[in-house]
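Look at the structure first, then read the points below.

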Amino acid sequence: MEFVGQLQRQFVQFSHSLFDEGFLDDQFQQLQKLQDESNPDFVLEVVSLFFEDSEKLLNNLSIALQQQIVDFKQVDSYVHQFKGSSSSIGAQRVKNVCVHLRSFCEEQNLERCVMCFQQVKHEYYVVKNKLETLFRLERQIVEAGGTVPFIL
Amino acid sequence: MAQEFHVLAVDDSFVDRKVIERLLKVSSCKVTAVESAGRALQYLGLDEERSPVEFDELKVNMIITDYSMPEMTGYDLLKRIKGSKKLREIPVVIMSSEDIQPRVNRCLEEGAEEYLVKPVKLSDVVRLRDFILRQKAHPQTEHNSMKRKSRDESPNAGCSASTSCDHLRPSIPKRRKIVQL
């Protein structure tokens, strides 16, 4: 069972780093609290929905920012949605960059919007990666016969 | 047997709908989640295109709606509900990621029970449910201290309806509600 112990330690360390480094905030823990035996995959389901939603939004944003005449209201609307959903799952860094992007939209500063959008994409893919790693670790623990530690 | 507390949740975001649904279920509420104000009106029987289903069967104890939605906002939905004889007694809660005081005031003035800043927490939902259940059991002559914006980051996030949260209350005129005893 040493292997399970190792995996569990890895999981705990990794989870703590996600919060310490600001990738995730308290809202993610709120979601974890809503998970139980009757809904054991709740967090995974919500996050999966978030990933699906985000791909669409990022695609829409990309298209909107490439138009001859950029519709900043439309861009802002997409960013608002993205800010909302990232906030709902606790993806703090993504949410924060979205806030910046919204202010550039308000200024109608295309150059800054485009640069900031790159940052948004970057933060999204980083947190996506991290969350996928987290879920993978959980799966490995369960498959090895262990229980997933509760992170306080 | 106690009747189920039935909440109609309205939000155009997939993610938020899933979360609010779970928050409500964990709080022992029955949930109907819809993705638009239009759908909500259909469900409530206010849609002109359909005749209302037996309303009693659908008895909704609370409506919780996102503010920013395409086509029809939560504010517009609130107005429609408060403008309807059949539905105006149903408490309506507005959720928004934006903490804009004029918007908060407007919603409360229009009759919203509360304005919650997203992300909504379990403690918000439990507090609302308990407050509304208490109101049903003990109707009051004045609509009272729950009418406020809520984004409480203090340790007293679960402050009960009986404590007056003056420090959080926006300065708008209180609505008087006369109950025939």
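**Interface and cores**

Across the interface of chain A and chain B, 4 salt bridges are found. The model is a predicted one.

**Salt bridges and polar contacts**
- One salt bridge joins the side chains of B:Lys121 and A:Asp26, with 3.9 Å from N to O.
- Between chain A and chain B, 5 residue pairs are in polar contact, both residues being at pLDDT 80 or more.
- On the side of chain A that touches chain B, the elements giving two or more residues are helix H2 (26–33), helix H3 (42–65) and helix H4 (72–89) of chain A.
- The residues on that side of chain A are 7 nonpolar, 9 polar and 7 charged.

**Contact surface**
- Chain A brings 23 residues to the contact, and chain B brings 14 residues.
- About 1,600 Å² is buried between chain A and chain B, and carbon and sulfur atoms give 61% of this area.
- Of the area that chain A buries against chain B, 31% comes from A:Leu34, A:Leu49 and A:His80, more than from any other three residues.

**Nonpolar cores**
- The largest nonpolar core has 68 residues, of which A:Phe82, A:Leu131, B:Ile20, B:Leu24 and B:Ile64 touch the most other members.
- H3(A) gives the most to this core, namely 12 residues.
- Leaving aside neighbours within four places in sequence, A:Leu131 contacts A:Leu24, A:Phe28, A:Val47, A:Phe51 and A:Ile89.
- Another core, of 27 residues, lies apart from the largest one; B:Val34, B:Ala37, B:Leu44 and B:Met72 are among its residues.

Key. Residues numbered from 1 in each chain as written. Chains lettered and ligands numbered in written order. Predicted model: local features only at pLDDT ≥ 70, side-chain atom pairs only at ≥ 80, totals over all residues. Heavy atoms only, no water. Contact = heavy atoms within 4.5 Å. Buried area = accessible area lost by both parts, 1.4 Å probe. Polar contact = N/O pair within 3.5 Å; in protein donor to acceptor, adjacent residues only side chain to side chain. Helix = DSSP H or I, 4+ residues; strand = E, 2+ residues; numbered from the N terminus. Nonpolar A, V, L, I, M, F, W, Y, C, P; charged D, E, K, R; others polar. Core = buried A, V, L, I, M, F, W, Y, C linked by side-chain atoms within 4.5 Å. Buried < 20%, exposed > 50% of the residue type's maximum accessible area, 1.4 Å probe, protein only.
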